[in-house]
Every structure is written in structure tokens, then in C-alpha cells.
Amino acid sequence: MATLTKQQIGSVLAKQGILIAFVIFMIAFTIANPKFLTMDNVFSVVRSSAILGVMALGVTFVVISGNLDLSVGSMMSFSTIVVLDLHDKIGPFMAIPAMFAMTLCLGAFIGFLVGYLRLNSLIVTLGMLSAIHGLTLTYSGGQNMDIADKEGTWFSVFGQGTALGIPVPILIFIALAALLGLTLAKTPFGRKVYAVGGNGTAATFSGIPRARTVFFCYLISAACVATAGLIQASRSLGSQNTVGQGLELEVLAAVILGGASLLGGSGTVFKTVIGVLILGFIQNGLLLMGLQFYIQFVVTWVIIILAVWLDIAAKRGKLWSAIA
Amino acid sequence: MTDAKPVLHLDNIVKTFPGVRALDDVSFSVMPGEVHALMGENGAGKSTLMKVLGGIYQPDGGAIYMGDERVVMAGPLEAKAKGIVFIHQELSLAEELSVAENIYLGELPRKSFGRVDWGLLTEKTNAILKKLNVGFDARTRVGDLSIANQQMVEIARALTVDAKAVIFDEPTASLTDAEKVVLFDVISDLKADGVGIIYISHRMEEIFKITDRISILRDGQYQGTVNTSDTTEESLTQMMIGRKLDLSRNASHHELGDVALEVRGLSCGKLYSDVSFQVRRGEVVGFYGLVGAGRTEIAETLFGLRDAHSGQILLDGEEVRINSPADAIQRGISLVPEDRKGQGLVLGMNCRDNMTLPQVDDLTAGPFVAEGAEVAIFDQYRDRLDIRTPGWKQQVGNLSGGNQQKIVIGKWLSMHPSVLIVDEPTRGIDVGSKSEIHKLLRELAAQGYAVMVISSEMPEVLHVSDRIVAMYSGRIMRTFTSEEVTEDSLIQAISGLGGDKAA
Amino acid sequence: DTMKIGITQNNVGVDSYQTTYEKAFIAAAEANADVETVVLDAGGDVARQIAQMEDLIQQEVDAIIIWPTNGEAVIPAVRKASQAGIPVIVTNSNIAEQGFDFVKSFSGPDNITQGARSAEIMCDKFKEMGIENEAKVVHITGQPGYTTAIERAQGFNDRLPEVCPNVEQIDQQPGDWNREKSQQVMEAFLVKYDDIDGVYAGDDNMGVGALNAAKAAGRDGIIFVGATNFAVGYEAMAAGDYWGSIYQSPVDDAEAALKTAIDVLNGEEVPFLNYFDTPKITQDNMGEFTKPVF
Amino acid sequence: MQPNTLSRALANGAIWGFIVLELIFFSVAGSYLSISDQAFMDYDNMLLLLKQSAPIGIIAMGMTLVMVNGNIDLSVGATFAIAAIVLLDSMTWPIFAGLGDWVIPVAWLLSLLVGTLLGALNGLIVWKTGVDAFIVTLGSMLGYRGIVFMFNGENPTSHLNWTLVDFAEAEFLGLATASWFLLAVTAGIWFLMARTVHGRNAYAIGDNREAAVNAGIRVGPHMMINFAIIGFLAALSAVVFYSESGSVNPNDGQLYELWVITAVVLGGTKITGGAGNVIGTFGGVIAIQLLRKGLGHIGADTSTVNLVIGLILIAVLFLDRQLNIKGKEELKV
Ligand SMILES: Nc1ncnc2c1ncn2[C@@H]1O[C@H](COP(=O)(O)OP(=O)(O)OP(=O)(O)O)[C@@H](O)[C@H]1O
Ligand SMILES: Nc1ncnc2c1ncn2[C@@H]1O[C@H](COP(=O)(O)OP(=O)(O)OP(=O)(O)O)[C@@H](O)[C@H]1O
Ligand SMILES: [Mg+2]
Ligand SMILES: [Mg+2]
């Protein structure tokens, strides 16, 4: 009996490897700089992670369905630029839905290509990364977009407001994480996403519409990107065309750090959130330690590998891999 | 047999997985020139024991001896170096590579500069393929072969090295009779060379035909070893499952209902042509033929996975178009596919979720999946089909092959279909469960289901069917009733000889 | 007879300065009936830029303008052009001295001076506030590795101790020319340091990002100085949030480059180093400047 | 039993058809839109194309091997930069001062050695920890880049050695040095993958790792060797390129991984491993370079270039799928 409980503890720990890694890093950073774990700093980190985080939520769906989305960074630039531009032209009330509609169209296009036409998602989204960047440049004429009247608009609430003492971006992130977390874990759609990613053929043989499922994953991803763009635009009320550049790999890193497999079929929203927080706090912790940015690069490398290693080592119950 | 030294001896082997004691103090030995059967129910631990022997798993306790020497199988490489050849239960092939490369995987012959010696490789492979009498050559891409031929490639590996012991883990699960004959020839050649052979199978007739001794496992525990000539099917079964088996064909006499499924003149290119048949409620129709006869393709068409070029499908007398599995499911058709790993299961998902996958949209409480209802369904079919698993949370990929198959069957039974199509339903299933499944199919028919059974096992088809459709090369050669059918006439019909062409 | 002029730029999509430059260049060329141009963008990749140099040589253009991705790596390619008899004009940021033999002229801003001027703006303001002996400054640089970023940082870091020896620079981190990144960096600075009096950012985009962070944290009284006065910076200055910057027009930059090329082709004498002026702009004198278009 | 790599690559490569389309399009469009009098399909221009394909192309050959093997390497761009720094910096080290121009081969070897080691380090981590190659190399993409910056701060590392430049710019039988390297690497990796035991095992591992393990192939060391090879090739690419250009920015090589992977996948290599070949990859590399060159030739502006390149990548995939569609008898999964 005693061994059984020990085993149970072991298997509980094994499931939470990434959480343990997270706690260890938090403790280490707090020891290194006591200011790390102050309310202000935690809020500031989570607030700026919220943008990455919201995108990562959507990409979690795409990755679990067995695909990739490398276009989220440039799509986020697109929605940020569009909503800022439309803000002054048609007012924030209309600008937000218009921007969501346009971003969702892009998502639908990708979803159509990958889901219905079954084109390779890596290349499709890599292509879209470039194409959407071109689209954004054409749209904006390459210019920065800024809201004319920065003080007078309620639009800033999404990025700068607070409610109940908590910054709104954090609230949005939490709300979306809860919504999407439930969707993935508890609804029939979530189940289908896992099935399609785990074994697409078997899912088809079970009557699951594979193409439609993948399509909706990209639509969810685009909706998340649009939300992230909204927060971003509202946070700075002005933006460059490249605001999201390079985020695609950070987003993917967060998702994978959370334990989703690139092969599809595994991962959870909760773990993605942990992955996002790990990345956010690493960056912030290293900044607070005042390390040179290039040392930060190297340390981030080591931490990412250690975190994932710990996670899978806990799962397999052995430190070293069994690969001969 | 007593004074000869065993080629292999396993001593008190223990192996546990999280939540499962797969092997519990198992001892077992094989003599040179002996065909030693290993039997047991699904999940008894046969494959696990062999993987310990093959160096794929490390035992938690016990020892392995070869001759007098204690050996440690640190990995597949060591096992192979020590002369142990392992033909796996699940196909273990690289589909993109050629037959020759697969047969010699891990030991391709080399020339200078690390080059592959293609000449030698082809030569050696062709020699083996000739012995096996197969219809493909060394250069064929393995992915282009049928499952049965892929199995022959696996088997060919047994002939590549000077083996001391060869393990066959259910080699015949997807072979046809002709190929089985070849396999048995191979085994008797090996035997003549003094090689020790371990043979795992659930098929009694094979066991009695080719093996010398039989060891039995139950729930990871060693039950004993008997001489094949001294035992009977019944006593073996009793050792394996701990009770007697009821082999009678029950529920066979009941009224047939209306025609549930009718197919008229269905054709699909080269795959099958002009296929017409009917299945009534309460009827089990068996489809028998050689591999490649086109039966699976017909099933796939009925299930909306393949478009027919011409012909009609009628359900309850009404012509329907079935464009997708969702369509088929909605119209009450279920298909248990032939390839459980590729088509039947999401291996990384747990048992419960796999089982309820097709109906997940209907099992809801508000916007969420009703997990309680799911567990209830799972429990019901676990009990009904005797599925051995520590619980519904277990990943399906960790179940034994036979138990995986039962999950697939449970999944489709739980849909309460009006037309149930099962393609090779008992592949890899132990005797006990097999008879349970046969009984179940009969019962379902009695309850008014229309059942189509596709099988390459003649006894199975004969046992469960009310009528038998014999197919050859995409065409229906003849339809037999259970009263008129004989083994000979069936074999004639499916080999394209004689047999009048009846609808 | 028309002049065929090819240009290979550094990385056009990356910021609005470079985009505006490209537009201004094309507009200027179109306005001149004697000029035909082929406009290429290296996307920040030196290998692609060298390939573009080779393509331009192969296309037998009359002159090549290059905005180097790396002031040294392009030298052999520039030499190739000059060996092929095609005059080369360098724009915006110069190539290294070893390559001077192969180019006709450089036209562009002087980034080291710009950095130095920003230091002076900062120091003058501190003196005005009377905190030149205690002020603490943080420094947000452009994308690591880019000449412009390096030179501005160098100009600032060298000049500040000369004019304000007691001002202490307490931290320096890259903001990658990116407003958002800069905002994150500044957020961390604000947590880490209770006392920050001045922020120098390698351009106004980053400066405004830092300003946003300070505003969100409710930290007033910080002096923000940037460079490359963007429209956002100009507006923030007008609003009184942002102290000063360096006025630099991509339109002037582009037109100067094109004009230099045309002059060279017309056989006129051009000075080898053709810096155009980039004056200081602060809240005090901003009335003298029009709002930047980018 | 030679697998007929060439014919298979030709048969299932939409990429070659696409290259022809590109050539036709840019020739025709170029004659209207280009300011140049030179034809696009000029012989010299095509030779130039080959040369310009070298930096990405050499790495892409290694990526083909690694991807067929079932892995991926995102750190090649950073490895490329480190190797370049070692190459250029080591030529100025005092210990080599006495060597004269003999420092060149020494610097080359050093640089290749460092690249190989960095690749092997990736491989070692993948092997020993079992962490997916994507994560390992995503991490080292960052970590190696950090090392690049550590070396010389934010400044470029430069050493212009005209002897070296002249060698790199030299032409032999009409082909530039870089082109020769590209062709040699392509041939070498082709030989490795199509003809050697190591290469065939690479396919087997990528196709079905479990089967390979069961067959007794030492998967870990095997993968490490392949990572070492791609590290070596990333360094070789740097050696070839920086011998000519003589200066490396710490940002150089960024996004190379994406372009390289694009070329490889366009060339028909499966992302999941087990299938692919260098002939296809060669086509992919040429197609991308042709696209960039052609768009420059007809004078497309930056936003158009981005848009068009993106959409064309997708179009090629679409074309490829249409060509490979199996007809109506296919299973609908
Ligand atoms: N990797 C694993 N992780 C957890 N449990 C496992 C694993 N492999 C096997 N098992 C469990 O060990 C037991 C023995 O399985 P094994 O595959 O040896 O059965 P088997 O006798 O070969 O059955 P079958 O006749 O169905 O092939 C089963 O309960 C199975 O679920
Ligand atoms: N002559 C052939 N050449 C190539 N591939 C074939 C050939 N015959 C069958 N196959 C392939 O092998 C697969 C396995 O076919 P399989 O024999 O299961 O079909 P089937 O007619 O349903 O046979 P069974 O009647 O045993 O179910 C088929 O899906 C088909 O793609
Ligand atoms: Mg088994
Ligand atoms: Mg079949």
C-alpha cells in the first residue's frame, strides 16, 4: 500500500514537471533579487506577458490539432495597425469589430488551406508570415500608426485600464484562458481537437470532421491574435508595423515549454499558461539581475532546455533518455 | 528432452508498469530445435516477456540464461548479437524504405566508404524472398505492400542471421492461409537447424499443428508448461482463462427482419465492381475472400470513406448517399476498421475517450462533455467485453494488442448501430474473448441488428454467419447459406475457380 | 539618355524611417525624367545585399546606391562594382575605411554626433533642473549589431561624462528599435530602480515606449531624450511628456543620396563625406520644425 | 537495389515545374518591366544564381539529412554566425601571427571544427535528454546567438584579407568558388543519403524510430552525427561566404533557419521525417533564390515582394498537391 501511494505521488509529480520547474525558477529569482516577487513587478510581468499569452492560447489549439502557426506574429502586427488606423477613421466602436473581422478572415484563409486543402501548415503559415507582413506594409504605407487623441479615448482601457485593482490585460488573459481551457478540456470540440491531432485517420474513421476541426483551430488562433492586437494597440495607442515580429517563435516556445507535443494530440491550456509565465518571468528576472542581454540569451537557452527536460524526465521517471 | 541444454532460460522474471504487474516471477525455457508456444489471454504478459528477452524492456527482477551463461540484454542490439531474432506483434517497419532495406535494417552490408553493398543486399534478400515465395521483390517500397505482405517482410527477418532463438509474436494475425503455409515451412526449416522457436498465437489449430510444448501465462503469472501432444484445447483454455469455454453457437434461431442494407451494382474502379448484396435485420452476413479481394473497400464505401463510381446503396429500402463517416454514423452504420492502430484508435488518448469518440457530440451536459455518462459507457463495455485495463484513464497505447481491439469494438457497439460492419474483428484476440465476440455478434443479430462480418479466418466466418459472401478480385463469386456451405466450395469460390457467379 | 540607378537598402519593412526613405527615393526619381531606378531591399541580410549588388552589376546599371547592412562585409561587393566601372554611393550609414577607395561618396547623417547631441540635450536639461550632480540615467539602445545603434550609443556614452561628469548611467539594455520591447525593458528598470531621472533611447519609437511604461507606473518627472524624431515623439514633446530628440528627415536622406548619384554621373565634383545636418529638437525649439511625416 | 533518387525526385517534384514557370515569367515580365537591357535568363545571370544560392543551399543540404532523420535544427543561423566570427577573428590571433597566408586554412579548419562541435552539442542534448530537437535547437538558436554577442559586444567582427577575397571570388571553369562548394556539398550529401549505410539508417530512423531501435540501430549517436554534419555545413557555408565578405554582424544568419526549412520542405522532404532527398532540396533552394532575384529584376517593391513570396510558397504546395492527387479511388482521410 505504501508503495502505491509513493507511486501515486510520483505520478502526480510527473504530470506537473513543468510546474515544478516554474516554482524552482521563481524561488531562484526571488533569492537573486527580492524585488522580483513584489506585487508591482508580478503585475507588470503578467501584463506584458498577456499579449504573448493570449496568442499562445490560440496556438495551443493549433499545435494540439497537429499543426503549426508561424503567422501569429505578423498577423498581430496586422491587427494592431488596422485597429489603430480605423480608430481614428470610424471610431473605436466600429474599429474593433472591423479589425476582428479582418483578422478572422486571415485565420479562415489559413484554416481553409491547412484544414480543407490539407496543405502543410509549416509552409502555409510561413508563407502567410511573409504575405501578411506585406499586406500590413501596403495597408499602412509602412508608416507608424498613432491615435491622434491619446488622452481622450476610452480605447486605452484594454491595455492600460484596471478593474478591481487588476490590470485589464491580465483579466482578459485570465478570462480567455479559462474560456479556452474549458473549451479544450471539457467540450466535444476540445475532444475532437485532441483526436484529430493524436491520430487524424482514426478521428476520421470515428466520424469527426477533421477539416472543420482544424479550420476552427485556426479561427480560434486568429481570434486570439486579434485580441492580442487589441491589447497591444490599446496599451501603446500607437504602433510600428513590426510590433509582432518574431513573436511566433516565442509563442511556440511557450506552448512547447508547456508540454504540448509538436506531433499533436497533447498539451493543455493550463500548461501553456505556465509556459508563458516561465518565459515572461525569466526575461524579467534576468533583466532585474542586470545581466547583459547576451547572457540573458544564454541563460534562457539553458532554462528552456532544463524546464522541458525536467518535465519529460518526470514523465518517464528517468533522468536520461532511453534512446540508445 | 531432459538432458539437452536449453538455448534460453528465463528465471523468475518480474516486470511492472505503473499500475500493472505485467510479469510476476515468470520462468520459462526453450530447447534447441523446439517450437515452444506461449499462450495466454490478451494482456497476460506474453509480449512483455518477449520484449524483456529481446532487450527492449529491462526486467525489474530475475535473470536470463543462454546455455549455462547468465546474460544481460541491455538493448535490442545485444539481443541480436546474441542470436535472438524478434518478429514483433505490431509491424515494425520503415515504410519509405525498400523491402531489402527493411529486412536487413540495422545490418545493411557495407562496402568501402560506408557504402551499402546493394548487390549483395539484393542477392541475399532475393534468396530469402524466394524461400518465402512472395509476389514482391527486394526493391519494392514497403509502404506499397499490403498489411499481409508487410508481415511477410517482418518474417523474412528471421532468416537473415544465424539465429539461436527466434520469437514470433502473433505472426499470423494478418496472414492468409497460403502465407501461413509458407511461414510454417520456414519454422520447420529453422527447427531442423536446431534453432529454438518461441511462438505466440491465439489460434489453437496452429498451436496444435506446429508446436512441441506450450507454456501458459495468466495475469502475468506462469501457469505451467505442457507437451502439446498431451493436451487438449479445452484444458489449455481452462489454464489460460481459469474456466470452461462455451463454444456453442447460441441465439442462432430467430426471425429475420426486413432488409436493412442493400447494395446494387456498386463499382469503384479496379477495387471492386458490380457488387450487389442484402443484409437483413437479425442476420449476420460473412464476407470471405483473399487479401485484396476488395471487401475492406466496400466497407469503406458504405461508411462514407470512399466514393463509389456507380451503383446504389439502400438503407431500409431507401436510396441514400453517404458522403462521410458522420453521414454513415448518423444513419446508424458502424464500422470496426481492420487496422486498429492506424484507423481505430488515438493511441495517446485514454480508453474512455477513445471509446466515446464518435458520440462525443451527443454525450453532453450543457456545453460540456458529460464525463459521468462516458465513464458509465466505458464501464459497461469493459465488463461486457472483459477489457483488461487498470482503469479508463490508461492510455490506449499501453494496452495489450487484444485489449486495444476490444476498445474499438466497444466504441462501435456503444453507438447501437442498425448496421454493424466489422472488418477482421478478432485479429489478435484471445480464444476466450474471441468466442465472447462471436457470441456478441450473434446476440446483436438476435436483437435485430444487421451485421456484416469481414474476416479472413474461415472458422470464424463459418461460425458466425447466416450467409457467406465469397469474393474474389473485387467481385462477388457466390453467396452461400450456412446450411449449404462447405469448406471446399468456399475455397473454390474465393480462389476464382468454379463457383457460379451469384448475386 | 536616361540614367539607370540601382539602390539596395538595408531593411525597409523594419521601421517607418526606412519605409519613408524608400518612398521619398522613388518619388524623387520619378520626378526626374532622366532617371530610372531599380529599388531593392536586403531585408537586413548581408548575403542578400551582396547578391543584390551582384545583380545590379549584372544588370549593368549606371550607378549603385547602397545602404549597407554591414559597413565592412559589403566592401568586396563594392569593389566588384567599382571594378566593373559602376560608381557606388553609400547612403545613411557609412562603410568602413578600407572600402573608401571603391566608393565615390557618402551621404547621410552622422550618428556619433547625434548620440553626442542627445547627451548634450540631456545634460543641459539636468543643469536647468539643477540635478546635474545627482541625476541617474538609463539607456535603451537599438537593435544589437546595427551600425546606427552602435554609433548612437557610442556617441552618447562618450559625450555624457564630458558634459555632465557626475551624471551616472545606471543601466543599458537593447530595445530592438521596438516600442513594445522598449516598454518592457523600461518596466523592469522602473521596478529595479527607485530613482531614474533621465532616459536616453536610440530612437523616438523606443523613447515613447519607455514613456508609456513610466506613465503607466505613475512615475513623473523623468526626462526622455531620443533620436530620429518620429511623429509620435514630436507629439509627445508637444504634450510636454517628452523632452527632446534629434531631428532627422528620411526625405532629406533619400534625396541627398539620389542627388549625389546624379551629380556623380554628371561628372560633377562631390565631397566625399556628405553629412546632412541633424539638429537638436526640444520642447523649447520645436516650433521651428514641422511635424515629421513618419 | 539503388533507389532511383533522381527519377523519383523529378517525378514527384512540383518544384521543377515551378522553376520553369518562374524562368518563363520573369523573362517575359522582365522584358517589359526591367530597367535593364540584360535578359533575365542570361547565362551569366544563371551562374550568378547558383553562386547566390550557396549560403542557404549548403545549409539546406544538411537540413535535408537532419529532417529526413526526423529532427530539425533551428540553430543553424546562429551557428553560421559563430563560425564566421571564429573564421575572421582567428586570423588576427597572435599565436597564428607567424603563419602568413597559411593562417587561412588554419582559420577555416578552426571555424569548421567549432561549427561541428556546436552541432554535435545539439545532437548530444537531443540524445541524452530526449528533449525534442525542435525545443533543443530553438533554445540553442537563442543561446548560440548570445555567444555571438558575447564575442565582440554588438560590434561586427571584421578581417578583410584580400588574398582570401580573391580566392573566394575566383572562378574555375566558369563557376564561382561558392558554386563549387554548393555542388560538392550537394553531391556529397546525396552520396551519403542515397548510398551509404549511415544515410539509409537515417531514413529508417526518421520513418519509424521504434523500428530502428528494435533493429539495433544506435539511434542516439546516429542523430548526433547528423547534427554534427549540419553544424559542419553551417560553418562551411559561413566559411565560403565570409571568406568573400570579410565581416560579420552579430545579427547575421538570423531567419536562415526559416529559409532553409522552407527550401527543404518545398523540395519534398517530409517534416515528420523518413522521406526527402537533396535533389529536391536543391530545386527548393534554386526556386527561392530565383524568386528573390526575379522580383528584384522586375522591380517589385518591398511590400509586394513580401506578399508575393508568401503567396507563392503556398501556391507551390497547392500545385504539388494537385500533381500528386491520386484520383477518385482514394480513401477520403
Ligand atoms: N508500456 C506499457 N506501459 C504500461 N503498461 C503496459 C505497457 N506495455 C504493456 N503494458 C501492460 O502489461 C500487460 C501485458 O501486456 P502484453 O502486451 O505483454 O500482453 P500480451 O500477453 O502480449 O497480450 P496480447 O495477446 O493482447 O498481445 C497489459 O496489461 C498491458 O496493459
Ligand atoms: N494488388 C495490389 N497492389 C497494391 N496494393 C494492393 C493490392 N491489393 C491490395 N492492395 C492494398 O493493400 C491494402 C490491403 O488490402 P486488403 O487486402 O485489406 O483489402 P481487402 O480487399 O479488403 O482485403 P481483405 O478482403 O483481406 O480485407 C488495400 O487497402 C490496398 O490498398
Ligand atoms: Mg501481445
Ligand atoms: Mg481488408
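Let's start in chain B, where Ser47 (B:Ser47) sits in helix α1; helices here are DSSP runs of H or I with at least four residues, strands are E runs of at least two, and both are numbered from the N terminus. This is a predicted model, where local features need pLDDT of at least 70, side-chain atom pairs count only at pLDDT 80 or more, and totals for chains, interfaces and linings use all residues. As for bookkeeping, residues are numbered from 1 along each chain as its sequence is written, chains are lettered from A and ligands numbered from 1 in the order in which they are written, and side-chain values use heavy atoms, with hydrogens and water left out.

B:Ser47 counts as buried because its relative accessible area is 18%, and buried means under 20%, exposed over 50% and partly exposed in between, with a 1.4 Å probe and protein chains only. Its side chain makes a polar contact, at 2.7 Å, with the side chain of B:Asp169. A polar contact is a pair of N or O atoms within 3.5 Å; within protein, one must be able to donate a hydrogen and the other to accept it, and residues adjacent in sequence count only if both atoms are side-chain atoms.

B:Ser47 also takes us to ligand 1: among the 21 residues around this ligand, the nearest are B:Gly43, B:Lys46, B:Ser47, B:Thr48 and B:Gly402. Being near means having a heavy atom within 4 Å.

Which elements build the shell around ligand 1? In chain B, β2 (20–30), α1 (46–53) and α14 (401–413) give two or more residues each, and α1(B) has the largest share, with three. By type, the shell holds six nonpolar, 12 polar and three charged residues. Here Ala, Val, Leu, Ile, Met, Phe, Trp, Tyr, Cys and Pro are nonpolar, Asp, Glu, Lys and Arg are charged, and the others, Gly among them, are polar. Domain 1 (8–241) and domain 2 (259–501) of chain B both give residues to the shell, so ligand 1 lies between them; the domain bounds come from an automatic or database domain assignment.

Now over to ligand 2. The residues around ligand 2 include B:Ser146, B:Ala293, B:Thr296, B:Glu297, B:Glu338 and B:Ser456. An oxygen atom of ligand 2 is 2.4 Å from a side-chain N or O atom of B:Thr296, an oxygen is 3.0 Å from a polar backbone atom of B:Ala293, and a polar side-chain atom of B:Glu297 lies 3.3 Å from an oxygen of the ligand. Taken alone, ligand 2 exposes 610 Å², and the protein buries 60% of that. The shell of ligand 2 divides into three nonpolar, five polar and three charged residues.

B:Thr296 and B:Glu338 turn up again at the magnesium ion (ligand 4): they are its protein donors, through OG1 and OE, at 2.0 to 2.3 Å. Donors are N, O and S atoms within 2.8 Å of the metal (3.2 Å for Na, K and Ca), and because water is not among the atoms, sites may look incomplete. The pair links distant parts of the chain, 42 residues apart: B:Thr296 is in helix α9 (residues 295–302), while B:Glu338 is in the loop between β16 (333–336) and α11 (340–344). B:Thr296 counts as buried at 13% relative accessibility, whereas B:Glu338, at 24%, counts as partly exposed.

Two loop residues of chain B have backbone angles to look at. B:Asn133 has a phi near 60°, a positive value in a residue other than glycine. B:Asn133 is in the loop between α4 (118–132) and α5 (147–156), and counts as exposed at 62% relative accessibility. B:Asp386, also not a glycine, has a positive phi near 55°; B:Asp386 lies in the loop between α13 (371–385) and α14 and is partly exposed, at 29%.

Finally, chain A: A:Ser71 lies in the loop between α3 (39–64) and α4 (72–90) and is buried, with a relative accessible area of 0%.

Terms used: Areas by Shrake-Rupley, 256 points an atom, 1.4 Å probe, with all protein chains shown as cover.
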